[in-house]
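Subject: Structure handover

Hello,

The structure is below, followed by notes on what turned up in it. Please read the notes with the model open.

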Amino acid sequence: MKYHIVALGCQMNQSDSERIRSVLERVGYERTDVEEEADLLGVVACSVRQKAIDKVYSRIHKWSEWKKSRSVMTFASGCILPADREKLMDRFDLLFTINELPQLPDMLRDYGLVTPGSLRAAEIDSGRDDADREYWKIDPAYSSRFDAFVPIQNGCDKFCTFCAVPYTRGREVSRPSDEILAEVRRLVDSGYRSITLLGQNVNSYGLDRQSSGATERSFADLLDAIGSIGTETDRRFWTYFTSPHPRDMTDTVIDTIARHRVLAKQLHLPIQSGDDKVLIRMNRNYRVSQYRRVVDKIRSTIPEATLFTDIIVGFSGETSEQFEQTRAAMREFAYNMAYIAMYSPRPGAASARWEDDVPQDQKRWRLHELGQEMMATSHAYNRALVGREVTVLVERPDRKEGYLSAKTEGRLIVRFASEDESLVGRFVTVRIDSATALSMEGSFVGVEPDTLSATSDLARRDHAAFRCALDAMVGAAVGG
Ligand code: SF4
């Protein structure tokens, strides 16, 4: 029997779908990428964006039509608002929260479906210490053999007014750090080269457990322990995390990233707006001056780090002057990448009750303007790397025929001419030949060693190159 899963929304949903796959495969289901072939069809839904929830409805409409002519079963899980949950309950055969995942085999059987492997949920946990059924204990069926997501936390306590996540995923719950470190160690031992720690608010990791009396590592301590895995194993890998909240970004976290080679020199620090009044309405709980202090600390401690951000334009009540403040912040902070979104009210979020009063054409103009700012600075950065050799991790064949697609440690896209797919998942040196704002093109120089001890000179080379590119970018931003 075959299953097919559609994962919508963010990386956390992708990661959840890897654990659902694992449970289904352990009870004997076989994965298919062809929807029409599947006996069991599932969606990991996202209520946070209207577009994503629309996709859920169109999927279930199609699948319900199929049910008229053949036997299929449907399920939904993921990040679902209570109002959507009620509506979806009638449409899907099974609806479960991700915490209920270990009970999925029982649910399938209760529904009257004999799972191919005939395993009960308890048997899935066999060999483990106790009958703990937390879904985090399930080993995921990773989608990649070299690049993995590791969830460290679920839910969010921040209640930004534009966001529905605290209502879909609930309050912050941290995964025990021993479990996280064991998963990271397994990944490193099996040759993974890129690991991304996931959570809605990663840098408040551990606080919920500490406040309930448990002994738990802080986020900085967790990163430090991952850094030590690099030192102990001498394996080369890059560890990322997303997303941190600027309010909780401590100097200790930044110092820890600087100290360990396996902690990637890339930070995603969502600013959302460059205006204090808008930040207050967004309930972001920091001011631009506090954000600036964090960026200054990053620039002085890890000057080679690339900086990414998220920005919303046209938030309810945003004036032209407030938008100009965001433009000024973009120039000042000179981002390598900014994910800029036009505000739209999200069902369930507090701001959905407010007037969406910035006209659509104004939002589009603001989006375009910020996009241009971002392109100017990122182009200056990428251009400064032309002629230099950098390390990249090869990800896949590129859309451009005869090329492979790769990323630098700072998550900048580099493509280079090669049809050697055995390079996918390897660290290689590429000489940068040309650059645009969003990517670079280069020539293959050679495969790099997989151990940290053999690559210290290469790391120094990269750091020097990226620092020089940063100077060029900041110069362009100031000039702009
Ligand atoms: S920090 Fe804000 S934007 Fe991020 S998940 Fe929590 S409420 Fe949403």
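The chain splits into domain 1 (2-124), domain 2 (141-381) and domain 3 (389-479). These bounds come from an automatic or database domain assignment. The model is predicted: local features need pLDDT of at least 70, side-chain atom pairs count only at pLDDT 80 or more, and totals for chains, interfaces and linings use all residues. Residues are numbered from 1 along each chain as its sequence is written.

**Domain 1 against domain 2**

The C-alpha centres of domain 1 and domain 2 are 29 Å apart. Across the boundary, 16 residues of domain 1 are in contact with 16 residues of domain 2. Contact here means that the C-beta atoms, placed from the backbone, lie within 7 Å. On the domain 1 side, helix α1 (residues 11-26) gives the largest share, 8 residues. That side of domain 1 divides into 6 nonpolar, 6 polar and 4 charged residues. For these classes, Ala, Val, Leu, Ile, Met, Phe, Trp, Tyr, Cys and Pro count as nonpolar, Asp, Glu, Lys and Arg as charged, and the others, Gly among them, as polar.

**The open sheet**

Helices (H or I, at least four residues) and strands (E, at least two) are DSSP runs, numbered from the N terminus. Two strands pair if DSSP finds at least two bridges between them.

An open sheet holds 5 strands in the order β2-β1-β3-β4-β5, with parallel pairing. The edges are β2 (30-31) and β5 (94-95); each has a single partner strand, so one side of each lacks a neighbour in the sheet. Strand β1 (residues 2-7) and strand β3 (residues 40-46) run parallel, joined by 5 bridges. Tyr3 has Leu40 of β3 as its bridge partner.

Helices lie across this sheet. α1 lies across β1, β2, β3 and β4 (73-79), at about 170° to β1. Helix α2 (residues 50-67) lies across β1, β3 and β4, at about 165° to β3. Axes are lines fitted to C-alpha atoms, for helices over the stretch in contact, and angles run from 0 to 180 degrees between N-to-C directions.

Take α7 and α9 to begin with. The axes of helix α7 (residues 177-189) and α9 come within 11 Å and cross at roughly 30°. The two are therefore roughly parallel; the cut-offs are under 35 degrees for roughly parallel, over 145 for roughly antiparallel, 65 to 115 for roughly perpendicular, and oblique for the rest. α7 passes α9 in a right-handed crossing. A crossing is right-handed if the near helix is turned clockwise from the far one by less than a right angle, and left-handed if anticlockwise. From α7 the contact takes Ser177, Ile180, Leu181, Val184, Arg185 and Val188; from α9 it takes Leu222, Ala225, Ile226, Ile229 and Thr233. By class, the α7 contact with α9 has 8 nonpolar, 2 polar and 1 charged residues.

Next, helix α9 (residues 219-233) packs with α10 at an angle of about 5°, their axes 9 Å apart. That makes α9 roughly parallel to α10. Phe219, Ala220, Leu223, Asp224 and Gly227 of α9 meet Thr252, Val253, Thr256, Ile257 and Arg259 of α10. This contact divides into 5 nonpolar, 3 polar and 2 charged residues.

Then helix α10 (residues 251-259) packs with helix α12 (residues 288-301) at about 20°, the axes 10 Å apart. α10 and α12 are therefore roughly parallel as well. The crossing of α10 over α12 is right-handed. Asp251, Ile254, Asp255 and Ala258 of α10 make the contact with Lys297, Ile298 and Thr301 of α12. By class, there are 3 nonpolar, 1 polar and 3 charged residues.

**The barrel**

A closed barrel of 5 strands runs β14-β15-β16-β18-β17, and its pairing is mixed. The twist averages 50° from one strand to the next.

- Strand β15 (residues 403-408) runs antiparallel to β16, with 5 bridges joining them. Ala406 stands opposite Val414 in β16.
- Strand β16 (residues 413-417) pairs with strand β18 (residues 440-447) in the parallel sense over 3 bridges. Phe416 has Gly442 of β18 as its bridge partner.
- Strand β17 (residues 427-435) pairs with β18 in the antiparallel sense over 7 bridges. Thr429 stands opposite Gly446 in β18. β17 and β18 form a hairpin with 4 residues between them.

Best wishes

Conventions: Two residues are in contact if their C-beta atoms, placed from the backbone, lie within 7 Å.
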